Amino acid sequence: MIRVAYPNWQKGQEIAASNLWEEALADIDYDAANAALKRHISTNKFAPTIAEIREPCTKTRSENTLMVRSRRDLVRALSAVRRKELNEHREKIPQPESDLQRNNV
């Protein structure tokens with residue numbers, strides 16, 4: 001796609017450039033990298049660098065990680081509140097008398 005959008009991109013070094021890009025983006029989700037490339041092509045007249053493709057992909061991954069952490073923290077907080085409410089409710093429930101208490105009365 002890069003070669004079609006930018007005909008002069010890495011002219012004469014296509015194989016080496018393709019290998020480098022493949023290695024440099026190996027840990028990036030293909031769909032995310034493809035979307036980043038399409039965005040770049042639609043807004044830039046010069047071919048992207050590897051960093052310009054990686055940045056939006058890793059940023060999204062970091063934001064997703066933070067979102068998951070935030071959800072986990074929220075669930076933990078809600079669970080703690082719920083446990084506290086249940087404990088308070090249990091304390092209000094009258095406890096049955098034991099056999100020893102009944103016999104001493």
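Q: What makes up the secondary structure of the protein?
A: Five helices and zero strands. This is a predicted model. From the N terminus on, the elements run α-α-α-α-α.

Q: How much of the protein counts as buried?
A: The protein has 105 residues, and 15% of them count as buried. The cut-off for buried is under 20% relative accessible area.

Q: Why is H40 called buried?
A: The relative accessible area of H40 is 8%. Buried means under 20%. H40 falls under that cut-off, so H40 is buried. H40 sits in helix 3. Leaving aside neighbours within four places in sequence, H40 is in contact with Y6, F46, A47, P48 and E52.

Q: Why does L25 count as buried?
A: L25 has 15% relative accessibility. The cut-off is under 20%, so L25 counts as buried. L25 lies in the loop between helix 2 and helix 3.

Q: What does L25 touch, leaving aside its neighbours within four places in sequence?
A: L25 is in contact with I50, I53 and R54. Take I50: L25 and I50 are 25 residues apart in sequence, yet their C-alpha atoms are 7.6 Å apart in space.

Q: Why is Q10 called partly exposed?
A: Q10 has 33% relative accessibility. Buried is under 20% and exposed is over 50%. The value for Q10 lies in between, so Q10 is partly exposed. Q10 is found in the loop between helix 1 and helix 2. Its C-alpha atom is 9.5 Å from that of A47, and the two are 37 residues apart along the chain.

Q: What makes D27 and R54 a salt bridge?
A: Their side chains meet at 2.8 Å, N to O. The definition asks for a nitrogen of Lys or Arg within 4 Å of a carboxyl oxygen of Asp or Glu. D27 is in the loop between helix 2 and helix 3, R54 is in helix 4, and they are 27 residues apart. The structure holds one salt bridge. Side chains of opposite charge can pair when their charged atoms come close.

Q: Are D27 and R54 buried, exposed or in between?
A: D27 has 43% relative accessibility. R54 has a relative accessible area of 23%. Both values lie between 20% and 50%, so D27 and R54 are partly exposed.

Q: Which residues have the most contacts inside the largest nonpolar core?
A: They are I2, W9, W21, L25 and I53, in a core of 13 residues. Helix 2, helix 3 and helix 4 each supply at least two residues of this core. In soluble globular proteins, nonpolar side chains tend to be buried together.

Q: What does W9 touch, not counting residues up to four places away in sequence?
A: W9 touches I2, R3, A17, W21, A47 and P48.

Q: What is the volume of the largest pocket, and which residues are closest to its centre?
A: The volume is about 480 Å³. Of the 15 lining residues, the closest to the centre are I2, W21, L25, Y30 and L37. Helix 3 gives the most to the lining, with four residues.

Q: What classes of residue line the largest pocket?
A: The lining has ten nonpolar, two polar and three charged residues.

Conventions:
Residues numbered from 1 in each chain as written. Predicted model: local features only at pLDDT ≥ 70, side-chain atom pairs only at ≥ 80, totals over all residues. Heavy atoms only, no water. 1 Å grid on protein atoms, 1.4 Å probe; cavity = no way out; pocket = protein on both sides within 12 Å on 5 of 7 lines; lining within 4 Å. Points joined across faces, edges and corners; volume = space filled by probe spheres on them. Nonpolar A, V, L, I, M, F, W, Y, C, P; charged D, E, K, R; others polar. Core = buried A, V, L, I, M, F, W, Y, C linked by side-chain atoms within 4.5 Å. Buried < 20%, exposed > 50% of the residue type's maximum accessible area, 1.4 Å probe, protein only. Contact = heavy atoms within 4.5 Å.
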